[in-house]
Amino acid sequence: KKSRMVLEPEFQIAEVDNRIYGSFIEHLGRAVYEGIYEPDHPLANEDGFRMDVVELVKELQVPIVRYPGGNFVSGYNWEDGVGPKEVRKRRLELAWRTIETNQVGTNEFADWAKLVNSEVMMAVNLGTRGVDAARNLVEYCNHPSGTYWSDLRVSHGYREPHKIKTWCLGNEMDGPWQIGHKTADEYGRVALEAAKVMKWVDPSIDLVLCGSSGTQMPTFPQWEATVLDHAYDHVDYISLHRYYGNRDGDTANFLASSLDMEQFIHTVVSTCDYIKAKKRSNKTVNLSFDEWNVWFHSNEADTKIEPWSIAPPQLEDIYTMEDALVVGSMLITLLKHADRVKIACLAQLVNVIAPIMTTAGGGAWKQTIYYPYLHASRYGRGRVLNPLISSPKYDSKDFTDVPVLDSTAVFNEEKQELTIFAVNRDMVDALQLECDVRSFDGYQVVEHIVLEHEDIKARNTHDEPNRVVPHNRGSAKANDGSLECVLPKLSWNVIRLR
Ligand code: AHR
């Protein structure tokens, strides 16, 4: 099979906002406890953070990490997580039916984020709490000193404010599973009032309004229209969340999941712009795709977890080669929409539906999905190009005209480097790719990285952490303005030219 692509540096979508390579740490399962924080671990630093995990996160170059939830935030009293650790309250955590010890809270997480060179994206509780707790938290985190909440932070040992720039106005407030679930009008009103006072405390912050928890929600996309109608003038982004899974064992259909993601983005962009027009506004609200991933392997196991345990192994999906391809396609989709998607968070980062896994007291290892995320984050910075692609297509259960080649390219002017990301969705055949790069005069292939495995269900595990790892023996060659290569069947490819 053959495909073709034309790349022109003048044909651009937008400059990548590096925050699209963000991720997420929730107080859920073993993400915090036994994940990033394990004071008894031999590799823990003096604050209890696992340095092996820090190193793996740093390798990923994660620019922003959403915290502390997720569903967790909608029942969270942030005050429980600050001050002396020995007097912090243990609480029943209703979102995930566990006990929260509060040994990690706002200040510890800000410390950890510094260790991994990330910014914090902080969520406030608009489930059980509201305007008052939200503005107090902004004051605690961002006000220099001289007021009750800022001085409380100083008394907790943090003289300098955390200067947290990006804030989420609650989490998945459209979902009946959410603690304090609201109708669109109820949420729109409280989000607007919280947004106003949070910005009055610190006008430099950016706010993310809750959009829908997925395209499958019955209230989507009217939810977006209603909440934006309330809060448009006071927010900067609207959130999107979406997870995919191969529950029916239909690989061809699963591999096409990003077509749904693409449609989701189009609909939310259109809804934002409809409200913009309705309000005769000059402001554009952009998108924060702040939860995305594959999530389904652990669903069954999670129904068997004993309630009210501390940091049980929840949502511990062990990812396959096939999942890595879907994650690769989702990254390509985010890049293709770099003009409007300015923040995105792979949900999540450690142990919970995560690229990084840990063993208590033992090692940390990389899941299959670690690699596409790593490659996109490292090489996908610059300007996204708008390639002309012709590819064979197929139909699957839920999608028609699925391109076998899913691809995009990023040009980094500073480094004079062009990177092509490509997934071959074909389950049987390799795909030939011929790419017209005549405008990139003299560019040569630096490397062609490939992630592939003869068993599409192959996984990495604690005992066998290197079963699925990338190699750089891809066949790409550039000659006279033309690049030619073969993309193996069911493969993720990164072709770097300079
Ligand atoms: O990331 C896991 C959960 O998925 C989050 O807590 C919630 O926001 C979403 O439903």
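**Chat: around strand 8**

Tutor: Strand 8, helix 5 (residues 184-201) and strand 9 form a right-handed β-α-β unit. Right-handed means that, with the strands pointing away from the viewer, the path from the first strand over the helix to the second runs clockwise. Helices (H or I, at least four residues) and strands (E, at least two) are DSSP runs, numbered from the N terminus.

Student: Is this from an experiment or predicted?

Tutor: It's a predicted model, where local features need pLDDT of at least 70, side-chain atom pairs count only at pLDDT 80 or more, and totals for chains, interfaces and linings use all residues. Residues are numbered from 1 along each chain as its sequence is written, and side-chain values use heavy atoms, with hydrogens and water left out.

Student: OK, which way do strands 8 and 9 run?

Tutor: Parallel, with 3 bridges joining strand 8 to strand 9 (residues 206-209); DSSP must find at least two bridges for two strands to pair. W167 has L207 in strand 9 as its bridge partner.

Student: And how many bridges join strand 7 to strand 8?

Tutor: 4, and strand 7 (residues 119-124) also runs parallel to strand 8. There, A123 sits opposite C168.

Student: New topic: how many residues of helix 6 are buried?

Tutor: 7 of the 10 in helix 6 (residues 222-231), including W223 and L228.

Key
Buried means under 20% relative accessible area, exposed over 50%, partly exposed in between (1.4 Å probe, protein chains only).
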